[in-house]
Amino acid sequence: MAGTDITIRPVTRDDAAQWHRLYTGYAEFYRVEQTAEIRDTVLSWLLDDAHTSQGLVAEASDGTLAGLAHFRPFARPLSASTGMYLDDLFVDPEHRGSGAARLLLAELARRGLRSVLSERRRRWEELLAPHVAARLPRRTSGRGPDPRARAVAASAIACLETAQE
């Protein structure tokens, strides 16, 4: 995602020095004492695909990191869905007014919406598959739902989604 001169992307190992600078600024803003060990631990979480914590950075056109956002998914048992929790959002004072915070939040919203749409898509496939199965030629062997029904339902939904874009 790009703004006028800001690009939003996942944090990478190459960002370590600049990320440390931003995260130190974030901790200082909230008057929280922090050590290099704490920052190293958090960064290791953000770089570990198996960890739930994720990070985005706002990169200015000159390659300087202007801001960061740390977030993680969480379960919503009552609705059997997944939400997104924003842990940290910080923009370097020199880059405030650049749109970096707005772009970071927009990317988080896009990612959250994609997750919600994915869940809705799965539910639509489950609802549509029995109707598709009823119209498929009968299988001669085996019991249970025809596995082709789910694939046909998914293809139909994908066609509808493409048509709406």
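Predicted model: local features only at pLDDT ≥ 70, side-chain atom pairs only at ≥ 80, totals over all residues.
Two rings of Phe, Tyr or Trp, the last represented by its six-membered ring, are counted as an aromatic pair if their centres lie within 6.5 Å; planes under 30 degrees apart make the pair stacked, and planes over 60 degrees apart make it edge-to-face.

As for accessibility, Tyr23 and Tyr26 are both buried. Tyr26 has a relative accessible area of 13%, and it counts as buried because this value is under 20%. A single aromatic cluster contains Tyr23, Tyr26 and Tyr30, together with Trp19, Phe29 and Phe90.

The cluster can next be considered alongside a histidine. His70 is situated in strand 3, which covers residues 65–76. Its relative accessible area is 4%, and His70 is therefore classed as buried. Two residues of the aromatic cluster, Trp19 and Tyr23, are among those that His70 touches. Leaving aside residues up to four places away in sequence, the contacts of His70 also include Leu46, Gln54, Gly55 and Tyr85.

The side chain of His70 takes part in polar contacts as well. One, of 3.0 Å, links it to the side chain of Trp19; another, of 2.7 Å, links it to the side chain of Asp88.

Notes
Residues numbered from 1 in each chain as written. Heavy atoms only, no water. Buried < 20%, exposed > 50% of the residue type's maximum accessible area, 1.4 Å probe, protein only. Helix = DSSP H or I, 4+ residues; strand = E, 2+ residues; numbered from the N terminus. Polar contact = N/O pair within 3.5 Å; in protein donor to acceptor, adjacent residues only side chain to side chain. Contact = heavy atoms within 4.5 Å.
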